[in-house]
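Let me put the model up on the screen and we'll walk through it together.

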Amino acid sequence: MIMTSYRQSVAAAALAVALIQAPGAALAQTGPATPAAPAPQDASTTGDEVVVTGTRIPVPGLTSSSPVASTSEEQIKLRSALTIEDFSTAIPQLSGGVRQGSQGSDAFGAQVLELRNFGQSRSLVLIDGTRAAPFSFRNSVDVNAIPASLIKRVDVLTGGAAAVYGADAVAGVVNFILNDEYEGIRGTATSRLSVQGGAQYGGSLMLGTGIGDRGNLVIAADYTQRDGVRAGQRDWAATPNQTIPSLGGVFTDVASGRRFGFTDDGAFTTSPSATSNISASYPLISPLKRINVAALYKYEITPQVELYGRAMYTNARTEETGTPGAAPASVNRTVAISATNPFLTDAIRNQLTFVNGTAQVNVSRSLAELGLITYATERNTLQVQTGLRGPLTDAVRWNVYAQYGRSTESSLISGDGLVANAAGANNFASIVNTVNIFGPNRPGLAAALGSTIDGFIRKRDQFVTAGTLSGTLADLFSLPAGPIGFAAGVEYRRETASINQDSALLSGNTYRQGVQAAYRGAFDVIELYGEVLVPLIHDTPLIRKLDVGGAYRLSDYNLFGTHGTWKVEGNWEVDRNLRLRGTYQRVLRTPNFGEFAASTSSLPLNSLVTVDRLKPRYGGDPCVIGTGNAAQCARFGAPAVGSANSSAPGYLTGNYYYGGNPDIKPETGYTTTAGVVFTPTFLPSLNLTVDYYNLDLRGAVGVIQPIAAITSCYITNPTAGNPLCALVTRNANGTFADAFVNNQNLGRLLQRGFDISAAYTLRADWLPGKGVRASYQGNIVTSYLIQANPTVSAVQCKGTFGATCSSDGTTLVQPDYRHTAGLGWLLDKGVIQFDWQRIGKVRSSTVGSTETLPAQDIFDLSASYDFTDVVTMSAGVYNLFDKTPPRVSTGGVFNTFPDTYDILGRTIGFSLTAHL
């Protein structure tokens, strides 16, 4: 208690001193910036503010030591972008993450970015260099909360940046630079229509004005609507084997064993099918309705003090299937049918055996009348920031800010119902003689059993305040090669989260939701950080400029202890043609709320064969399939080879338990980058960069999914002492009982590879227009090792697909090559652009599988033209040749991986902008 009070006092004092004694305080970042298009130096300048993503040192002309890939406002416009997803999928360093097709995700319709397949909690999202507001229980950000119309540029820094920006910047940083200097009025209407069905449309209005000659105010409002798409609207998404219990029902007279039922069309039969298939009606793409409102401001109070900040609010409404998947509720139980039941036909009555006026009948049927499982989620995201900044001297600036963010979500679950009433009686058994249960499409069932459930109510709060001094020591001294640059500051951050559910979810009294757990948590951290950049040599043979630098951050967490992260870097400009750069860093990620605070929840274990998104987590029983070690199978009492169907729901009888771990520790690791920048003077429009990276994360937080535990236990490490065997238990008859997948500090993630970027503009008198521009951004993964547990060997995951090689169970494709290449014809008043996106060939990560998915090539053709000084039109055809996603035999969602591959097909985009 004393420590908590002390920490809060320190934080309050830091903020108060910064605000009262402004010239003596400073901001943790140079504040919201408005950069021009990225220059070769990677620096952006707004007035006296200089921003380089990856450092806090505001030195004009500073070159970044870390690889930074930028997406410009023009590129976003050419994509007819309404959401971040509309253009982020073309950035090679960004892997799948959570997208519009991520059905069954616990993100409930959010879009989440993920760098390098390292997991969504290991990529830090910034807005103008400061943290964006997170949502839910992870450290991730719903980037739907960022209005695409306000974005000036997006910087993707890969290779880690924990010493500069703090925890979570393990795989890198995505920094959204907003346009805070716009002046005028701009309105845009945009639509994106898929030729196979599916549409997205919306508009934006932006107003910007100068405040005298001392400041600027920008206000923007966006509206976006996306229509849902059903699986039946895509031929490749047909899933004939994705069955549910019979729509009409299968009824077994217990006394005689006679079976009867109804077809999907309602015809009575004594040889009923046990299953039906309605997967064509399952959602493939989530609908979205979103409103964004934002304000950016800055005002010079005096020449030494500028007020700045932002306020952003988003209301997003989505519908998706939630963790249980879309499959409707079902029943399989024995009930008492009365001889006076008014719904008994003669055909039914002849099949039943009545004793004392009742017949015991086992009923197995879907409750599709209740509808598909649907989570209707409303998410409100708010972030407000205000700060003061200014020059302390000609060489030193100060900056201080405070920001608060809150995300609230509520999800109403439809398509489900309560199993038992308040008295404990089974609801279905109670209504079998008053509601018609025989045959499909019985509307009385929905009225009697259906119930809208107040599902998940999730809240997330974040408060950050910081102060920084930054600049150079030129006022004191300069080295022969120039002044030493520096940044130093203090930051306080507090985060809280809570998740509450309906009592039916807490008690497991629903058909499809399992047992959920409410929880709350909080943590805070006080951090001291500093950076230094030392110019060593300049203007000598072979050394036009040589800088070295470093950064250190000391973080004191109330829950996770005290940790230090650091960075050393170097920048060697050989001459005007060649520059070498490199970094070596220690990075840190603290556990998110789901990992350290969550109580244990559960789903039926058979969800791993009935829910599409969960299917990659289970691959059958090797002992039954015949791929398991015979001695190990016998040791654990497994059924004999071929004696059962281990993929049937009845083979998985228990529960799938998941949740947090209060003893979990932060992840730590080391990242290395080394690169070359080639800007030949003999070809002045060419810019080529090649950067090597090495990401090595130890004690990675995660879970061992059943497929990995079973494979290790019975195939790759079939020993009696293998600890992974205990994670999936067996019943007395050998079938699988329960699976335990709680978060742990597991093994290691190690990825190596290269990022390559090239751009060249050819300008010649014989070319019409202003010239031709060629560009290329590519990522090559040379090695990606995932060690799920220190007791097992690492698995080589580069160029694979499947849950075995997913770092967090979200992104299931790990290609070893991706690129986006473009060719643009620059006109006097516009541009015509042709782009080629490629995702390399991948193989199955399942042991023993030889399945491969071919490389995927997507081509886009787009154009933008200024018809007048007022009107600009942009249009494009995306996925020009209507390429379908690759088909996977098992482990995918609707036969593919919507987290990685384009599932819309050929899409036509159109955008009309008027600006005054």
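I'll go from the overall fold to one set of paired strands.

So, this is a predicted model: local features need pLDDT of at least 70, side-chain atom pairs count only at pLDDT 80 or more, and totals for chains, interfaces and linings use all residues. Numbering runs from 1 along each chain as its sequence is written, and side-chain values use heavy atoms, with hydrogens and water left out.

Overall shape, then. Along the principal axes, the C-alpha box is roughly 105 × 60 × 55 Å.

Buried residues make up 58% of the chain, buried being under 20% relative accessible area with a 1.4 Å probe, protein chains only. As for contacts (heavy atoms within 4.5 Å), take those between residues at least 6 apart in sequence: 73% of them join residues at least 24 apart.

Secondary structure: 13 helices and 49 strands. Those are DSSP runs numbered from the N terminus, helices being H or I with at least four residues, strands E with at least two.

Now look at β38, residues 748-762: it runs antiparallel to β33, residues 686-698, with 13 bridges. Two strands pair if DSSP finds at least two bridges between them. Arginine 748 of β38 is the bridge partner of arginine 698.

Key
Buried < 20%, exposed > 50% of the residue type's maximum accessible area, 1.4 Å probe, protein only.
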